[in-house]
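I opened this entry to look up contacts, cores, surface and aromatic pairs. My notes follow in the order of looking.

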Amino acid sequence: MDPIEKLLEQIKAESENLGPKFPEQVAAKPTPKAANLPQANPPQLMYNLDSLLDKVESEAKAPRVKPSVNVQPIALESTSGGLGGHLDQLFGDVKQELEAQERAEQLKREQERQEEARKLERLKQKQREALAKRAQEWLKKLDPYSDEGFWFGQFAEHYSSKLEAAIAYLEATPSQKRGEG
C-alpha cells in the first residue's frame, strides 16, 4: 500500500474513532467523562490533522525516483562517419531533392512558355490566313486601271507576289479606307 494511502487511512480511522494513533495525541486524550461531552480540545485535533495533511502533501510533492541520465555530447563536426556523417548525407539528400524539384519546376515553366509561344504562333497564322483571304477578295475587286490599281501595281513590284503586297497593304491601312466596316 502506498504511504499516502496509509496516512489517509489513519486519518479516516482517527476521525471515525477519535482515538489517538500518534504520541502527541495521547497527551491530549479526553477522559471518559468527556467522551459524552463535546470535545474540549478541538484545536489540538485540528493541529494534528493539519500536520498530517502537511506531511501527506510534502510526500506527494517529493520526487520518489530520481532518473539518472548520462548524456554525452555528439560531435556534429565529424563528417567522416557516425551521426555527423549521417546528418551530412541526410542534408545532401534533402538538398538534391529540392534542386530536383526546382529543376522540374523550371522545366515545367519552360514548357508552358513554349506552349504559349506555339499558341501565339498558331493565332498569328490563323490571322494571316484570314488576312490572306481578305487580300484575295480585295485583289479581285481592285480595278487595275484605277488610280489605286495603278499605284498598287507599282507597290507590288517590291514583293514576291501581288498577294503578299495586298496583305502588307491591308495590314498597313485602316479598315475605313478599304471600304470595310
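I looked up contacts (heavy atoms within 4.5 Å) and found that residues 24 or more positions apart account for 45% of those in the chain with a separation of 6 or more. The model is predicted, and I kept its limits: local features need pLDDT of at least 70, side-chain atom pairs count only at pLDDT 80 or more, and totals for chains, interfaces and linings use all residues. Residues are numbered from 1 along each chain as its sequence is written, and side-chain values use heavy atoms, with hydrogens and water left out.

I then listed the secondary structure, taken as DSSP runs numbered from the N terminus (helices H or I, at least four residues; strands E, at least two). The chain has 6 helices and 0 strands.

Next I checked burial, where buried means under 20% relative accessible area, exposed over 50% and partly exposed in between (1.4 Å probe, protein chains only). Of the 181 residues in the chain, 14% are buried. For the accessible surface (Shrake-Rupley method, 1.4 Å probe; for residues, only the protein chains shown count as cover) I noted about 15,200 Å², with 55% belonging to carbon and sulfur atoms.

I searched for nonpolar cores, meaning sets of buried Ala, Val, Leu, Ile, Met, Phe, Trp, Tyr and Cys residues joined through side-chain atoms within 4.5 Å. The largest has 12 residues, including Leu131, Trp138, Phe152, Ile167 and Tyr169. Helices H4 (82-141), H5 (147-156) and H6 (162-172) each supply at least two residues of this core. H6 gives the most, with 5 residues. Leaving out residues up to four places away in sequence, Ile167 touches Arg128, Leu131, Ala132 and Ala135. Another core lies apart from this one and has 5 residues, among them Ile4, Ile11, Leu52 and Val56.

I turned to aromatic pairs: rings of Phe, Tyr and Trp (its six-membered ring) with centres within 6.5 Å, stacked if the planes are under 30 degrees apart, edge-to-face if over 60, and tilted for the rest. The whole structure holds 8 of them. I recorded Trp151 and Tyr169 as a tilted pair, 5.3 Å centre to centre with 55° between the planes. This pair links distant parts of the chain, Trp151 in helix H5 and Tyr169 in helix H6, 18 residues apart. Trp151 is partly exposed at 39% relative accessibility, whereas Tyr169 is buried at 12% relative accessible area. I also noted one aromatic cluster formed by Trp138, Trp151, Phe152, Phe155, Tyr159 and Tyr169.
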